[in-house]
Amino acid sequence: MEVSFHEEIKSLRLGEGQAFHGEGILAITKGLLQSGVSYVGGYQGAPVSHLLDVMVQARDYMAELGVHVEACSNEASAAAMLGASLHYPVRGAVTWKSIVGTNVAADALSNLASPGVVGGVLIVVGEDYGEGASVIQERTHAYALKSCMCLLDPRPDLSQMVDMVEHGFALSEASNMPVLMELRIRACHVRGSFTARDNVSPDVSTRQLMADPGVFDYMRLAHPPVTFIHEKRKIEQRLPAARRYIREHGLNETFEGNVHQDIGLIVQGGLYNTLVRTLQQFDLADAFGQSALPIHVLNVTYPLVPEDLVKFCEGKRAVLLLEEGQPEYIEQELALALRRSGVDTPLHGKDVLPRGGEYTAEAMAQGLRQFLQLHQADAIPPATAAWLDANAQRRNQLVQSLPAPLPARPPAMCVGCPERPVFSALKLAQQEIGAVHIAGDIGCHALATFEPFSMGHSILGYGMSLASRAGVSPLMERRAISIMGDGGFWHNGLLTGVQSALFNGDDAVLLIFKNGYTSATGTQDIISTPDEAAKSGAPDKRASLAHTNRTIESTLSGLGVKWLRTVNSYDVHGMRATLTEAMTTPFNGLKVVVAEGECQLERQRRIKPWLAQLLSRGKRVEQVRYGVDEDVCNGDHACIRLSGCPTLTLKDNPDPLKADPVATVIDGCVGCGLCGENAHAATLCPSFYRAEVIKNPRWHERLRAGWHGAVRALVQGSAA
């Protein structure tokens, strides 16, 4: 049950001359259809997950155009799809989050780039880099260099981005090179409008099939000895053809300055909007982007066009290159081009700008200030210099004024998340069996690396946890535990972990979170997602839909897993016992514990409309909530240390004789019952109570509630 894009899908049908309004990644989706793409695929993941989500949810319209849509199991299978364009004149596009997704796809990409493509290929990658990033600080640029693929980095303007999609396919066909288009987080979500064009039904499609396969051509294979010819063609044919297309169609842009024309700026296209905002702080640009300094925008960052760059730098007193991330690939190539051309214009870049990290407006402003101080000091307004100095001063004063470092505020699992009780159970199990090595994985469960759980000795790749313990568990007295989600299981874990452990006869323990979706990437459906019939049924009070789909269990059994247990995620006592058994059983081999509990976000998306519908019809609705009896709570707070639920927190003790604050359950509780389960499983204080909140109660429930209220009032009055 992915997030619905029902309204956004309608905009895909816009035709010639109509105005498209929306965000960047949806504009890219429209650009693909306007380009006559024959097939699309990919693996979900922010910041470009909407591209695939929209396509999947618009299958009916895609079918009208004859476009094939494939939700791939991982990025490697998505990249392998592009093999269709090796032989046939069909355009294909795939998408994933970079750089981790590009790492997974690297094998297929290098073998695609070696022979080159006939049909246009566009790979849309979300460049998840900088302060908002969720992955390691690497850049897609390295892959473009390594495998000789064009790299687009379009200026974040919807019209420009859509044009670059269409040029991307044409550039790929002109140069026979796959084309990567990187979109930073801000570019994906920038909002605006552009004038749409008609969608193009491809000549070869699901509605117009090819009669015969292509003629066998060994040159189309990435296989020796022809790979040596491929390398020669990359240098002698493809790169010159790509540069020729870039120049002839003006893919890179130059904006002439209207004041200081003897100094210039060169910027990656994706950073253009931030640069303009920075220039505004110096009164060097207006609200419409008109700059006082000449700006050369690299909408294509590989291959560079040396002639254009040298022409821009000639005659200028100095040039500043704004290139995010490191190493400084563009700066090195530009410096070499200037040297070979005999142009002695001073080039600045990482000498005045941060060597790593995201280039925010303030980071750019600090670098621009140093650059201007060297070459145009009178262009720095006193107010801007004061603003930058004051920022630094305020930070220093704030740090010095703090009596102690501020407490960390790490991200946490959602309220009611079915993974939280499993980690509570694992914490309790370790009190009995001793501390164990825990191989973590990518997914929602990676949040357990934060307090109060602090679990996970390594995270080496999506679905790689079982494989990552292979070198550890044989060297330890106690068995190691590997953790992965059902998304990671299907993405990579089944082959790299389960198959390998079975083949080698490893004595391993695997804990699989079966919540029914690839939740961390946007709760997209997977092969083990409950079917629509199960989703549409009336939800029970606490349970899960995961039991309606046994694909994971049947797959494991079919592979030969002999020790397999499926436990309700919210059964803390049962989960602790099962994990303890897995760690201590004399059975020697792979032991798998499947923690079954539906993603709470998806459950709430199902039950909230259902409950609202019942209430609107005046039907009885019962909702469970939990609370803490303030008179019983002793202020130990073990419940919080064991749970970490955001709705379980502290408040001042109402008893003036007690100094310690008491636990309390605040609004937002979804009634998952974890606090009570923990109190029972860990033998904590009996301060938790369970309450049923009834809306639209029946007549006898009203009568009983009134009677109970009267009795309580009478008893309390007598006590007073």
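A: The side chain of Ser569 reaches the backbone nitrogen of Gly597 at 3.4 Å. That's a polar contact: a pair of N or O atoms within 3.5 Å, where within protein one must be able to donate a hydrogen and the other to accept it, and residues adjacent in sequence count only if both atoms are side-chain atoms. Keep in mind that this is a predicted model, where local features need pLDDT of at least 70, side-chain atom pairs count only at pLDDT 80 or more, and totals for chains, interfaces and linings use all residues. Numbering runs from 1 along each chain as its sequence is written, and side-chain values use heavy atoms, with hydrogens and water left out.

So where does Ser569 sit? Look in the loop between strand 18 (563-568) and helix 22 (572-584); helices (H or I, at least four residues) and strands (E, at least two) are DSSP runs, numbered from the N terminus. Ser569 has a relative accessibility of 1%, so it counts as buried (under 20% relative accessible area, with exposed over 50% and partly exposed in between, using a 1.4 Å probe and protein chains only). Leaving out residues up to four places away in sequence, Ser569 touches Pro418, Pro421, Val422, Met575, Ala595, Glu596 and Gly597, where touching means heavy atoms within 4.5 Å. For a sense of scale, the C-alpha atoms of Ser569 and Asp286 are separated by 56 Å, and these two are 283 residues apart along the chain.

You'll find Gln524 between strand 17 (509-514) and helix 20 (532-536). Its side chain makes a polar contact with the side chain of Asp53, at 3.1 Å.

Most residues other than glycine have a negative phi, and most peptide bonds are trans. Ser454, though, has a positive phi near 50°. Ser454 lies in the loop between strand 15 (438-439) and helix 18 (465-468) and is partly exposed, with a relative accessible area of 49%. His637 has a positive phi too, near 65°, in the loop between strand 20 (621-628) and helix 24 (638-643). At 17% relative accessibility, His637 counts as buried.

As for cis peptide bonds, one joins Ser98 and Ile99, with omega about 20°. Ile99 is in the loop between strand 4 (92-98) and helix 7 (100-113). Another cis bond joins Pro224 and Pro225, with omega about 5°, and Pro225 lies in the loop between strand 8 (191-195) and helix 11 (226-248).

Last stop: helices packing together. Helix 19 (residues 486-504) and helix 21 (residues 551-559) meet at about 15°, with their axes 12 Å apart, so they are roughly parallel to each other. Helix 19 brings Asp486, Phe489, Trp490, Leu494, Val498 and Leu502 to that contact, while helix 21 brings Thr551, Ile552, Thr555, Leu556 and Leu559. Helix 15 (residues 361-375) and helix 16 (residues 382-401) pack at about 125°, with axes 11 Å apart, so this pair is oblique. (Axes are lines fitted to C-alpha atoms, for helices over the stretch in contact, and angles run from 0 to 180 degrees between N-to-C directions; under 35 degrees is roughly parallel, over 145 roughly antiparallel, 65 to 115 roughly perpendicular and the rest oblique.)
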